[in-house]
Amino acid sequence: MTNRRTMTNEQVLAVCRSNWAYRGIDDESIKEMLDELSAHLEDAVAAGRTPQDVVGDDVKEFAASWARARAPFGHRLLRAAAMACSALGGLILIVCLIRWSPERAVGVDDLVFWGVVAAVTVTWELRRGNLGLGRNAAVGLVVAVAVVLVSRWLGGGETLFTVPLWAAPVLFLPGLSYALADARRRKAAAPGADR
């Protein structure tokens, strides 16, 4: 999509800021990216060039490509898979604790539920970027509950296999490092963190 209309530096920065926020880039990284882009735009204006000479005709595509470069697909895919495993481990643990059982019987509706949670979590993470463990799990759960209700209505309460309780922490571990990194980054970016 080509937009020949000349945008001001402020308009370019506003489009990039909203695009990066939509993609889930953390506030500290957005500020760094905006500072860097602002410096490039000011240098271009000082040299007699337009903002489009820096970002091209499609500012949204420029912002998207910069966001992808900051968080490459391979890293986002690995993070999303770790988050999906953590959500699955958390669900197994909760069900075992609620039922006071050392194992969880898995049926067709469970596979549908876990599959949808994983698919939505991974898709959301890859599309939007870093939402964090809690938000990713919440998005996956909301969609999965509706799908499970439909799968139960269609039938299928038969047990296919059982999952032991010890599998829950094993599945939860891959996402733990990402959750801790997210918490540290939020703490470092919080106002007054330099004190």
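This report describes the fold, the surface and selected residue contacts of a predicted protein model.

## Basis of the model

The model is predicted, so local features need pLDDT of at least 70 and side-chain atom pairs count only at pLDDT 80 or more, whereas totals for chains, interfaces and linings use all residues. Residues are numbered from 1 along each chain as its sequence is written, and side-chain values use heavy atoms, with hydrogens and water left out.

## Overall fold

The protein chain contains eight helices and two strands. These elements are DSSP runs numbered from the N terminus, a helix being H or I over at least four residues and a strand being E over at least two. Read from the N terminus, their order is α-α-α-α-α-β-α-α-β-α.

The protein chain has 195 residues, of which 35% count as buried. Here buried means under 20% relative accessible area, exposed means over 50%, and partly exposed lies in between, with a 1.4 Å probe and protein chains only. Among contacts in the protein chain with a separation of 6 or more, 78% are between residues 24 or more positions apart. A contact means heavy atoms within 4.5 Å.

## An aromatic cluster

Two aromatic pairs are found in a search of the whole structure. Rings of Phe, Tyr and Trp (for Trp, the six-membered ring) pair if their centres lie within 6.5 Å; planes under 30 degrees apart count as stacked, over 60 as edge-to-face and the rest as tilted. Tryptophan 20 and tryptophan 66 form an edge-to-face pair, with 5.2 Å centre to centre and 90 degrees between the planes. Tryptophan 20 belongs to helix α1 (residues 9-22) and tryptophan 66 to helix α4 (residues 59-70), so this pair ties together parts that are 46 residues apart in sequence.

Phenylalanine 62 and tryptophan 66 also form an edge-to-face pair, at 5.6 Å centre to centre and with 65 degrees between the planes. Both of these residues lie in helix α4, where they are four residues apart, about one turn of the helix. Tryptophan 20 and tryptophan 66 are both buried, the latter with a relative accessible area of 17%. Phenylalanine 62 is buried as well, with a value of 18%.

Serine 86 is located in helix α5 (residues 73-99). Its relative accessibility is 2%, and serine 86 therefore counts as buried. The side chain of serine 86 reaches the backbone oxygen of phenylalanine 172 at 2.9 Å.

Arginine 104 is part of strand β1 (residues 103-107). With a relative accessible area of 9%, arginine 104 is buried. When residues up to four places away in sequence are not counted, arginine 104 touches Val95, Cys96, Arg99, Asp110, Trp114, Phe161, Thr162 and Val163.

## Helix α6 and a nonpolar patch

Val108, Leu111, Leu160 and Phe161 make a nonpolar surface patch of about 330 Å². Patches are made of residues with over 30% relative accessible area and no salt bridge; like charges are joined within 9 Å, and nonpolar side chains (Val, Leu, Ile, Met, Phe, Trp, Tyr) within 5 Å. Helix α6 and strand β2 (159-164) are the elements that give two or more residues to this patch. Leucine 111, found in helix α6, is partly exposed, with a relative accessible area of 38%.

Valine 112 also has its place in helix α6 (residues 108-128). This valine is partly exposed, at 28% relative accessible area. Valine 112 and valine 147 are 35 residues apart in sequence, and their C-alpha atoms are 7.4 Å apart in space.

## Surface and salt bridge

The accessible surface of the protein chain comes to about 11700 Å², and 64% of this area belongs to carbon and sulfur atoms. Accessible areas come from the Shrake-Rupley method with a 1.4 Å probe; for residues, only the protein chains shown count as cover.

The count of salt bridges comes to one, a salt bridge being a side-chain nitrogen of Lys or Arg within 4 Å of a carboxyl oxygen of Asp or Glu. Lysine 31 forms a salt bridge with aspartate 35, and the closest N and O atoms are 3.1 Å apart. The two residues are four residues apart in helix α2 (residues 27-46), which means that about one helical turn separates lysine 31 and aspartate 35. Lysine 31 is exposed at 52% relative accessible area, while aspartate 35 counts as partly exposed at 45%.

Key:
A polar contact is a pair of N or O atoms within 3.5 Å; within protein, one must be able to donate a hydrogen and the other to accept it, and residues adjacent in sequence count only if both atoms are side-chain atoms.
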